[in-house]
Amino acid sequence: MSQQAFDQLDKATKDQMACVFATLLLHDTGKELTSDNILDVLKKSGNGEVAQYWPGLFLKALEGRQITDFLVVSGGGGGGGAAGGDVANEAAEEKEEEKEE
């Protein structure tokens, strides 16, 4: 995935991300999540041009859920990759030798 500066994003993506960041900021500071509070953070952060409906959409999507539900990170790492051809061949040969003995 390529990286792009925030101010270089298309308007819809920028508006959505600005709302996400504002919502996370409010959550982190213990402030109530309301449209007015989100809009206030957006204005103070220089993102006052975000369409007025975005905060309401985010609040509707969060309805009945906790922000922390979205912040939970999986505890497991990715599985190991498949063994390379030489390693796999050596393992197979060792198994054959064990069977022969």
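Which pattern does the protein follow when read along the sequence? The protein follows the pattern α-α-α-α-α.

## Basis of the model

This is a predicted model, in which local features need pLDDT of at least 70 and side-chain atom pairs count only at pLDDT 80 or more, while totals for chains, interfaces and linings use all residues. Residues are numbered from 1 along each chain as its sequence is written, and side-chain values use heavy atoms, with hydrogens and water left out.

## Overall architecture

The protein has five helices and zero strands. Helices (H or I, at least four residues) and strands (E, at least two) are DSSP runs, numbered from the N terminus.

Of the 101 residues, 20% count as buried; buried means under 20% relative accessible area, exposed over 50%, and partly exposed in between (1.4 Å probe, protein chains only). The protein exposes about 7800 Å², of which carbon and sulfur atoms supply 51%. Accessible areas come from the Shrake-Rupley method with a 1.4 Å probe; for residues, only the protein chains shown count as cover. Among contacts (heavy atoms within 4.5 Å) between residues at least 6 apart in sequence, 53% join residues at least 24 apart.

## Helix H2

Helix H2 spans residues 35-44, and its buried residues are Ile-38, Leu-39, Val-41 and Leu-42. Seen down the axis of H2, these residues fall within an arc of 160°, so they line one face of the helix. The arc is that of the directions from the helix axis to the C-beta atoms.

The buried residues of H2 pack against helix H1 (11-28) and helix H3 (53-62). On the other side of H2, Asp-36, Lys-43 and Lys-44 are exposed. Just after H2, Gly-46 adopts a positive phi of about 85°.

## Helix H3

Trp-54, Pro-55, Phe-58 and Leu-62 are the buried residues of H3. Viewed down the axis of H3, they fall within an arc of 100°, so they line one face of the helix. This buried set packs against H1, H2 and helix H4 (67-71).

Tyr-53 and Lys-60 are exposed on the other side of H3. Gly-64 follows H3 and has a positive phi, near 80°.

## His-27 in helix H1

His-27 lies in helix H1. Its relative accessibility is 28%, so His-27 counts as partly exposed.

Leaving aside neighbours within four places in sequence, His-27 is in contact with Leu-33, Ile-67, Thr-68 and Leu-71. His-27 and Thr-68 are 41 residues apart in sequence, and 9.1 Å separates them in space, C-alpha to C-alpha.
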